[in-house]
Amino acid sequence: MRVEDQGLPAAVVNLLLGDGEVTPKAIETTALEMARIGRLKAEHKADGTMTVRPVPGKAGPASLRPFEELLVERVRHRCRNGVDRVPVGALGPGDGDEFWVWWRGFQQSVREEAKALNLIRPARNTYLTLLLRTIVLVAWFGSLYAVLPWCPPWAGAVVLVVLPLSAVVAVQRPPFRVRSGPRLTAAGRQAAREVRNSTDVAAHRLPKRQVGADGPESALPVRESRLIWSSYGRSWHVVDTAPLDPPRWGHTWQLVMLVVAVCTVATTTLIATLTRHIPYGGALVAATVLVGGLLWVLLLPARRRVLAVPAELSFRGVVISRWDYDTHYDDPLTDITHYCCAIEDPASHQAWSFEVHRWSRPMFSGRKNQELADRFRVGDVVDVHCSPRHRKVHRISVVEAVPR
């Protein structure tokens, strides 16, 4: 049986295979399904990349499902900077906040479609789950304590053994687990079984290796997490993005400390060998020298990698990813939001990641600085003076902003 024969959209099939959760694999399968029925125009490039673009005047919004409208919106959003089509892989995670805001709406639309088909039901309320757990545990332990006085000695011993074992089981595997997403109904479980037994289910399965440490993992073409799609220069390409944090090994002070340590150990070894004041001192220090040599072998390549990164750089590039994260300080109680961008240098096809803003607020205030959050968007062309080696921005200004 083919999945299409069941009349289920590809995104809903993805939800069934994910036991009620939508994964980014649904983006790929939905795009291919829309291309097959003519609502998107697909094209295979010479390198095997599948690209899609909207079809003007084809299938108006009234004839599209909500999540299909969102996918067309995503395709149009990525078709900018002078390009008219987008690789399927570039529709998934990679551009940071630009993707996650859209992804939440796409997931919700697919869930609403599955609810309309009676395939899923909302997740159990957390408070209801806790209430059910309390009722079950009180009934179980209460019954054990109630029958304990009436039990013969051998049965009482069994009950006393069962009580702590029950407590351990209740802690490790509590009844009525709290689930983060919707649950499949009986009809949904039946549909999921039929989907898993279909002949083309492999096209909907997740790959063995996935991308995306934060949030849903990408099941689109598998790439390292630091590789991001960019359309700067009117052609889609994959950019190697430097990590945000500076390297831990290869710094000058580490090299100086290692040189001093090796020289000190070598001198101590020579003195111990000539004077023989330290029993087996020569062998012990020689072993230390060997360890120092191994560290030297590990440190020098790291040092070369650090020196390969420019100390100072000025260029005009484009923002290809934008995100933020929060840190917390206890004294004083403060929340700090770090606004970050990955900016592509077109001369080297390398993108450098920087923290471009930082905003502090009292802890638990819930306030946001929307002005800073919206200052940079994916697609903005910017002038940058920076230190890629130290992951610091000295000056950054917007030259050409995408429509807000």
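**A first walk through a predicted chain**

Helices (H or I, at least four residues) and strands (E, at least two) are DSSP runs, numbered from the N terminus. H349 is not a glycine, and yet its phi is positive, about 50 degrees. At 45% relative accessibility, H349 counts as partly exposed; here buried means under 20% relative accessible area, exposed over 50%, and partly exposed in between, with a 1.4 Å probe and protein chains only.

A word on what we are looking at. This is a predicted model, in which local features need pLDDT of at least 70 and side-chain atom pairs count only at pLDDT 80 or more, while totals for chains, interfaces and linings use all residues. Residues are numbered from 1 along each chain as its sequence is written, and side-chain values use heavy atoms, with hydrogens and water left out.

R234 is not a glycine either, and its phi is positive at about 65 degrees. R234 counts as exposed, because its relative accessibility is 65%.

Now the wider view. The chain has 10 helices and 12 strands, and buried residues make up 40% of its 404 residues. Contact means heavy atoms within 4.5 Å. Of the contacts between residues at least 6 apart in sequence, 64% join residues at least 24 apart.

Let's turn to the sheet. Seven strands form an open sheet with mixed pairing, in the order β6-β7-β10-β9-β8-β11-β12. Two strands pair if DSSP finds at least two bridges between them. Which strands stand at the edges? They are β6 (227-230) and β12, each with a single partner strand, so one side of each is left without a neighbour in the sheet. On average, neighbouring strands of this sheet are turned by 35 degrees against each other, direction ignored; axes are lines fitted to C-alpha atoms, for helices over the stretch in contact, and angles run from 0 to 180 degrees between N-to-C directions.

Strand β7 (residues 237-241) and strand β10 (residues 350-362) run parallel, joined by two bridges, and T241 has A351 in β10 as its bridge partner. Strand β8 (residues 313-330) pairs with β11 in the antiparallel sense over six bridges, where V318 stands opposite V381 in β11. On to β12 (residues 392-400): β11 pairs with this strand in the antiparallel sense over seven bridges, and V381 stands opposite E400. β11 and β12 form a hairpin with four residues between them, and R391 in the turn has a positive phi of about 55 degrees. Strand β11 (residues 381-387) is mostly covered, with five of its seven residues buried.

Please also look at L333, in strand β9 (residues 333-345). The C-alpha atoms of L333 and R361 are separated by 8.9 Å, although the two residues are 28 apart along the chain. Leaving aside residues up to four places away in sequence, L333 touches P362 and M363.

What about the interior? A nonpolar core is a set of buried Ala, Val, Leu, Ile, Met, Phe, Trp, Tyr and Cys residues joined through side-chain atoms within 4.5 Å. The largest one has 41 residues, and L15, L16, L71, V86, W102 and F106 have the most contacts inside it. The largest share of this core, six residues, comes from α4. A second, separate core of 18 residues includes F315, V319, C341 and C386.

How many disulfides are there? With a disulfide taken as a pair of cysteine sulfur atoms within 2.5 Å, the count comes to zero. C340, for example, is in no disulfide, and the nearest cysteine sulfur, that of C341, is 7.6 Å away. C340 is buried, with a relative accessible area of 1%, whereas C151 is partly exposed at 25%.

Finally, confidence. pLDDT is the predictor's confidence in each residue, from 0 to 100. The chain averages 81, and 85% of the residues score at least 70. Confidence is highest in β11, at 94, and lowest in helix α9 (residues 281-308), at a mean of 74. Residues 1-5 stay under 50, and over residues 208-224 the pLDDT is below 50 as well. Where pLDDT is low, the predicted coordinates should not be read in detail.
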